[in-house]
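The sequence and the structure come first.

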Amino acid sequence: MSGPAAGTADAATTTDVVCLGESMVTFLPSQPGRLADVPSFGRGIGGAESNVACALAAAGHRAAWVGRVGADGFGDHLVETIASYGVDTSAVRRDPARPTGIYFRTATDRGTDTHEVAYYRAGSAASAMSPSNVPYEELFAGRVLHLSGITAALSADCLALLRDLTAPRPGRPLVSFDVNHRPHLWRGGDADASVLLELARRADLVFVGEDEAEEAWGIVGAEAIRAALPEPAVVVVKRGSAGATVFSGLRPGAGSSNAGGAENAAGAGSSGAGGAEGADTVTAVPALRVDVVAAVGAGDAFAAGFLSATLRGLPVRERVRHGHLMAAAVLTVPGDLTDPPARDHADRLAALDDEAWGRLRLGPGWTAADRAPEEVRTP
């Protein structure tokens, strides 16, 4: 992969990925049950884009998070905690007039009917982000700029910012976009569907769940999703327990003016990508079997694993496998974040043949650095 900074700055000082978005203080329940019945909560942090930055930094990459927090104790906690993962937070802005967002959630999985989330983010410092108050020089300083649809839902100013950042322009880094459809954040109507489709089509690399594409756009199936997103060089369709399907190729009219970056995102190190412009290589990779502790944060971890392997120029299959492995690390802990497996450990697992990969079953503690592949729990 290449980006505008990669060719002009010293590799030792170039940021790999810059992530922009809202991070909040999250309150995790001390026991299962309704929010009304939970007696106490533990404090953590949550935010799709900062989760990606933390996971990438913990995996050894130079990652930065750009956001806006209140001039309050919760803002202090967020910035200090994210920085503790090795993330560059120097471009985070403090807002003296607006608070840091917080939320409470139940212990159940987000996809179940019993899951509850209580957000206190309306009018938050992050919702005031706009093209006029974020540091563009910092956002464009990395090889990759990672965004998500959550930011677009926060306010009209945030949507204007996302539209501006995904617009074609000289020197734009490779844009990675996670659709992250969150219907409860939008302000009514069907605008969210068209906005998310618009933004995704202007990106170079898109992550989208098969379920959210059906919910937001009424599109069913990986091939139909790719047909609706013809411009991005790479579209990663997450299919839950079925795994993920990646469509990679050189696309006409890609949003980035950095054609080399889009080309490398599609095919760097790939054993199959390439060929005529507009022709896709399709790579399907099964998911791992995981003893799930909590599902929150798995999508962000998958994106981080895929981006990490992309930055390293690994073949597409290994990129997806690293996404699955980093997601499995988060799935086997209670919170949104955890230390990923050591790189050599993850590389050994990602290199397994299809039969051995299919036998893996990962549970809590599997990321221990002293575990060889054959010691990972299998049925």
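## The buried face of helix α5

Helix α5 spans residues 156-165, and its buried residues are Cys 158, Leu 159, Leu 161, Leu 162 and Leu 165. Buried means under 20% relative accessible area, exposed over 50%, and partly exposed in between (1.4 Å probe, protein chains only). Helices (H or I, at least four residues) and strands (E, at least two) are DSSP runs, numbered from the N terminus. Viewed along the axis of α5, the buried residues lie within an arc of 155°, so they line one face of the helix. The arc is taken from the directions from the helix axis to the C-beta atoms. An α-helix has 3.6 residues a turn, so residues three or four places apart point the same way.

Among the elements covering these residues are β1 (15-20), β9 (142-148) and α6 (191-201).

## Basis of the model

The model is predicted: local features need pLDDT of at least 70, side-chain atom pairs count only at pLDDT 80 or more, and totals for chains, interfaces and linings use all residues. Residues are numbered from 1 along each chain as its sequence is written, and side-chain values use heavy atoms, with hydrogens and water left out.

## Aromatic pairs

The whole structure holds eight aromatic pairs. Rings of Phe, Tyr and Trp (its six-membered ring) pair if their centres lie within 6.5 Å; planes under 30 degrees apart count as stacked, over 60 as edge-to-face and the rest as tilted. Tyr 103 and Tyr 119 form a tilted pair, 5.1 Å centre to centre with 35° between the planes. Tyr 103 is in strand β7 and Tyr 119 in strand β8, 16 residues apart. Tyr 103 is buried at 7% relative accessible area, whereas Tyr 119 is partly exposed at 27%.

Key. Contact = heavy atoms within 4.5 Å.
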